[in-house]
Amino acid sequence: MSSVLKYTRYIFASGFMFGSAPTFFVVWTGWRGISLLLPKWLFQKIDDDLFGAYQKLVLFFYEHITGLKIYFSGDLECFKKEESILYFSNHQSTVDWVICNAVAIRQKSIGHLRYVMKYSLQALPLYGFYFYEHGCIYVKRGSFKPRKMLQALDYLKHPKIKSWIVVFPEGTRFVPNHPAIEKSKKAAEDADLPVLRNLLTPRHKGSWLIFESMQHSLDAVYNVTCIYGSTIQKNGRQKAPQLDDVLLGRCNEVHINVREYPSMMCL
């Protein structure tokens with residue numbers, strides 16, 4: 001594909017996805033106003049439908065327009081049922097949330113995605129406020145506040161609210177040769193934990209708190225591993241592609257392994 005076509009696709013896709021956000025927000029604001037007089041679970045159901053519709057649009061560009069090939073392996077039987085889950089995944093790229101979409105849509109649960117996100121993302125225009133209303137949870141690095149997280153989780157315990165709670169336990173993206181890797185190794189050694197080669201040492205406090213609080217509201221825990229084809233090179237592991245790289249055709253394939261563990265087995 002010529003460079004002109006690649007950049008045309010990039011401009012069109014980016015403009016359409018981000019340009020449609022204000023329209024989505026206007027529709028959502030109208031529903032939010034109406035729902036103030038309705039049960040919270042009903043607000044969440046329609047909100048999930050709206051969120052799912054927008055995320056399907058995003059996924060359409062990344063999975064179909066770019067020609068990106070996605071290969072799944074592991075416990076694929078989980079795609080035949082709808083569940084509330086705790087979703088753990090490795091973290092390498094700004095594309096990782098699109099990968100969450102690709103997994104969730106195969107279980108018809110794309111609207112139920114709720115992320116544990118770094119606090120600074122709350123400042124994003126429109127998106128920051130909406131994610132909070134959708135049920136996402138903001139956390140500050142180095143200043144973890146269990147009480148605030150528990151308040152958010154209490155809302156998601158409602159039996160009529162389905163949730164895919166997405167956690168990237170590493171806390172930051174894995175980038176080859178980045179100083180964070182040495183810090184991660186030291187943290188593992190200090191805690192007498194195995195030193196990981198392809199992951200940063202997971203931050204466990206928030207993850208454990210979510211599971212402990214939500215275990216009776218969850219059906220399963222998913223352990224998802226994502227490998228971008230462009231990161232595997234003869235001269236070693238390379239930096240994972242970002243959102244613009246995928247739209248520009250610089251990543252041709254992604255491999256996703258899904259492991260499912262019933263929540264009661266994780267106690």
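The buried residues of helix 2 are Ala 21, Phe 24, Phe 25, Trp 28, Trp 31 and Ser 35. Buried here means under 20% relative accessible area, exposed means over 50%, and partly exposed lies in between (1.4 Å probe, protein chains only). Seen down the axis of helix 2, these buried residues fall within an arc of 125°, so they line one face of the helix. The arc is that of the directions from the helix axis to the C-beta atoms. The model is predicted: local features need pLDDT of at least 70, side-chain atom pairs count only at pLDDT 80 or more, and totals for chains, interfaces and linings use all residues. Residues are numbered from 1 along each chain as its sequence is written, and side-chain values use heavy atoms, with hydrogens and water left out.

Helix 2 spans residues 21-35, which makes 15 residues. From first C-alpha to last, helix 2 reaches 21 Å, close to the 21 Å expected at 1.5 Å a residue. The expected span is 1.5 Å times one less than the number of residues. Helices (H or I, at least four residues) and strands (E, at least two) are DSSP runs, numbered from the N terminus. The face turned away from the buried side of helix 2 carries the exposed residues Thr 23, Val 26 and Ile 34. Cover for the buried residues of helix 2 includes helix 1 (3-19), helix 3 (40-65) and helix 5 (127-134). Contact means heavy atoms within 4.5 Å.

The axes of helix 2 and helix 3 come within 10 Å and cross at roughly 170°. That makes helix 2 roughly antiparallel to helix 3, a label for angles over 145 degrees. Axes are lines fitted to C-alpha atoms, for helices over the stretch in contact, and angles run from 0 to 180 degrees between N-to-C directions. Helix 2 contributes residues including Phe 24, Trp 28 and Arg 32 to the contact. Helix 3 contributes, among them, Phe 43, Asp 47 and Tyr 54.

Three loop residues complete the account. His 91 is found between strand 2 (85-89) and helix 4 (96-105). His 91 is buried, with a relative accessible area of 13%. Leaving out residues up to four places away in sequence, His 91 touches Asp 96, Phe 168, Glu 170, Thr 172, Arg 173 and Phe 174.

Leu 126 is not a glycine, yet has a positive phi of about 65°. At 35% relative accessibility, Leu 126 counts as partly exposed. Asn 177, also not a glycine, has a positive phi of about 70°. Asn 177 is exposed, with a relative accessible area of 77%.

Definitions and conventions:
Angles under 35 degrees count as roughly parallel, over 145 as roughly antiparallel, 65 to 115 as roughly perpendicular and the rest as oblique.
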